[in-house]
Structures are given as C-alpha cells and as structure tokens.
Amino acid sequence: MNDTMRVWQLSAFGLGNLKLVEHPIPSVGPRDVLVKVGAVSLNYRDKLIVEGQLLPDRPAMPFVPVSDMAGTIVAIGDGVTRFGVGDRVMGNFWTQWINGAPPPEMRRHGLSLGGPLPGVLAEYVVISEDVAVAVPSSLSDEEASTLPIAALTAWFALVETGRLTAGEIVLVQGTGGVSLFGLQIAVALGARVIITSRDAGKLERAKALGAFHGIDTSATPAWAAEAIEVTSGDGVDHVLELIGGDNLRQSLDALSSGGRIAQIGFLGGADISLTALQLMLRRAVIQGVSVGHRRGFEQMNDAIERHGIKPVIDRVYPFDEALAAYAHLDRGPFGKVVISIV
Ligand SMILES: NC(=O)c1ccc[n+]([C@@H]2O[C@H](COP(=O)([O-])OP(=O)(O)OC[C@H]3O[C@@H](n4cnc5c(N)ncnc54)[C@H](OP(=O)(O)O)[C@@H]3O)[C@@H](O)[C@H]2O)c1
C-alpha cells in the first residue's frame with residue numbers, strides 16, 4: 001500500500017474549487033477502521049455543501065466532501081471488535097446516532113459525515129467502528145454506496161416512523177434518490193405507489209419499477225386532484241414530501257383522513273406553508289425526518305436482501321470525473337449518481 005492517496009478537496013465554497021490532491025493515507029485510532037473506498041454516491045445535499053448553502057452545517061476549509069461510501073476494511077485499531085480486515089462496510093451519516101432518540105449532541109450539529117465532518121470522496125477513509133455498517137452481501141460497492149442517506153431516509157419515513165402496512169397507498173415526489181428508494185421499499189412491503197415527476201419519460205421508467213400511477217406535474221401542476229381521483233376519492237396514506245414550499249399544501253390535499261406526510265426535502269422551497277383548517281380536517285400527521293440511526297440502517301439492509309431490492313443507479317462515473325458526476329446531480333438524476341473508486 002502506498003503512503004499517499006488521491007482525494008477531492010474543496011479549498012473554498014464553489015464547485016470550481018474542488019480539486020484532486022494527494023494526502024497521506026490516514027492512520028487508525030484504537031477504535032477506528034481504515035476503509036479502501038470502492039464507491040461513493042452523491043446526494044442533493046452534496047451540491048448544497050459544495051456551494052456553502054447548507055446551513056448550519058457549513059464545513060471549515062479545506063474540506064473533503066460527500067457523505068455516502070461503501071468499501072473494504074484494510075486496517076483496524078487494536079480495540080476494534082465489530083469488524084475485521086476484509087469486511088465490506090458503509091458509514092452511517094449521523095455518526096453518533098445508534099438507536100432510539102437522537103443523542104443531545106446532534107442538536108449542536110457537527111456530527112454528520114460529509115459536512116461538517118470530513119467526507120468520503122477519497123481513496124481511503126477512517127471511520128469509527130461504531131459508524132460502520134455491514135454491506136448487504138447481495139450488493140456491489142457501487143450499489144451499497146447509494147444506501148446511507150437516500151435509502152435510509154425513505155426507510156425511516158415509511159417504516160421506522162411511518163409503520164407502513166401492506167395495501168396502503170404511498171405517494172413519492174420526483175425521481176431522484178430518496179423518491180425511488182421510497183417507491184422500491186413501499187412496493188416490496190406490499191404498498192401501492194403513486195409517483196410525481198416533471199418529466200413524462202421518467203414516469204414511464206418509474207412505473208416499470210412498480211408504481212401503479214404517475215402524475216406529470218409539468219402537465220398537471222395542480223397534481224393533488226389527480227391523486228384523489230386515482231384513489232377513488234380516498235387520498236393517499238403516506239407522502240414523502242421532497243419538494244417543500246407550497247407543494248406541501250397539495251400533499252395535504254392529496255392525503256387520506258389520518259394520513260402521514262414525511263417532511264424530507266426542500267427542492268422547491270425551504271419554507272413550507274399550510275392551511276391550519278386543512279391540517280385539522282385531514283387529521284394529518286406531519287413528521288420531520290432526518291436520515292436515521294444505525295439500528296434502522298441494519299434492519300433496512302436485512303429487508304433489502306430479503307426482498308432483493310437493487311438500487312437504481314442512473315450512471316457511474318470514474319473517480320477522475322467527479323466534477324461530471326456533480327453536473328449530473330445538478331441536472332436531476334433518475335435514482336442515484338455514483339462515483340467508482342477503483
Ligand atoms: N431530511 C433528510 O434526511 C433528507 C435526506 C435525503 C434528502 N433530503 C432532501 O430531499 C430532497 C431530495 O433529495 P435527493 O437526494 O433524493 O435528490 P436527487 O436525487 O438530487 O433528486 C431530485 C429529483 O427531484 C426532482 N426535482 C429536482 N428539483 C425539483 C424542483 N425544483 N421541483 C420539483 N422537483 C424537483 C427531480 O425529479 P423529476 O425530474 O422526476 O421531477 C430530481 O431528479 C432534497 O431536498 C434533499 O435535500 C433530505
């Protein structure tokens with residue numbers, strides 16, 4: 001093994017400041033593992049982090065971005081018991097959140113991989129063994145790299161907090177990472193899925209993944225009426241709210257009585273607005289979701305194996321072409337954008 005590795009590093013906010021540099025390969029502390037990264041995946045937040053727009057988690061410079069990775073452990077500290085050399089692992093985004101309620105430290109921020117903690121767009125990374133999660137054996141590193149944020153967020157919304165049951169109707173928004181994982185998880189658990197998109201072609205691809213209905217929001221901006229119509233007037237039981245802003249009003253309009261909205265994203269606006277009366281009349285539950293804990297991640301991985309869920313990867317870029325991967329993210333991916341590091 002060389003002493004140095006290649007790393008994409010930001011010297012200042014702005015994608016133009018993301019450069020490939022050499023760093024020493026980090027050494028492990030007593031409870032750390034050194035991971036040779038096989039692949040990383042990009043999330044919408046990676047764009048915000050690079051542009052310095054994700055407050056209050058703006059990282060200090062210089063900074064290595066990206067939260068999600070999968071790879072193989074090549075060295076361990078003396079006190080490591082959970083994993084050994086050769087094991088394939090991912091990192092849990094919230095480094096301190098193991099189970100139950102989030103620990104109080106999470107309120108003060110500073111605890112998430114890829115901003116403000118150092119990220120994983122590097123040939124090697126060191127993480128605590130407590131942050132490491134075993135890769136499902138059915139998945140390649142490229143596939144597993146898509147799980148830590150996008151899949152776990154959808155899982156937390158639908159299963160951990162949403163208690164989804166077979167036969168319920170789920171509505172997911174757009175055709176990016178969280179939305180398509182929401183679709184696949186919901187279908188695997190016996191739910192029926194409606195998906196919205198601004199692109200009719202993407203809706204056809206989403207229907208091939210098991211959605212029973214697609215709503216083209218470019219053609220039908222007032223999309224809630226169509227969701228009500230295709231559910232025979234009942235509305236949907238769960239919404240993954242990925243757009244935010246005024247879109248939340250339509251999600252509430254589309255909801256069944258006592259239905260749940262998982263507030264996850266803000267693609268269309270960081271401030272959300274609602275009518276109080278509509279919230280009360282629907283007896284709606286709105287649940288904020290922020291990725292999830294390690295125990296949930298491990299349970300989700302069991303379900304991914306059991307149901308044979310394969311992450312939807314739009315494109316895999318080589319490590320040298322990380323900037324092209326970010327440009328793809330900016331255009332709006334169908335599923336996940338992955339960077340391979342081999
Ligand atoms: N709370 C959490 O824990 C958490 C975790 C992960 C992500 N998020 C948030 O959830 C959102 C989605 O994240 P992601 O990583 O899944 O995104 P992504 O993979 O980049 O996908 C975004 C997709 O949403 C649609 N879209 C993009 N901009 C839009 C706009 N202005 N209005 C309507 N639709 C738009 C596009 O689909 P179409 O072209 O099909 O319309 C696009 O492919 C982001 O706001 C992200 O910050 C939150």
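## Two cis prolines

Strands here are DSSP runs of E with at least two residues, helices are runs of H or I with at least four, and both are numbered from the N terminus. There's another cis bond from Met61 to Pro62, with omega near -10 degrees; Pro62 is found in the loop between H1 and strand E4 (68–76).

A word on the source: this is a predicted model, where local features need pLDDT of at least 70, side-chain atom pairs count only at pLDDT 80 or more, and totals for chains, interfaces and linings use all residues. Residues are numbered from 1 along each chain as its sequence is written, and side-chain values use heavy atoms, leaving out hydrogens and water.

## Two positive phi values

Val66 is in the loop between H1 and E4. Its phi is near 85 degrees, a positive value in a residue other than glycine. Is Val66 buried or exposed? Val66 counts as buried because its relative accessible area is 0%, given that buried means under 20%, exposed over 50% and partly exposed in between (1.4 Å probe, protein chains only).

Arg163, in the loop between helix H3 (147–160) and strand E8 (169–173), isn't a glycine either, yet has a positive phi of about 50 degrees. With a relative accessible area of 59%, Arg163 is exposed.

## Helix H1

Tyr44 belongs to helix H1 (residues 44–51). At 34% relative accessibility, Tyr44 is partly exposed.
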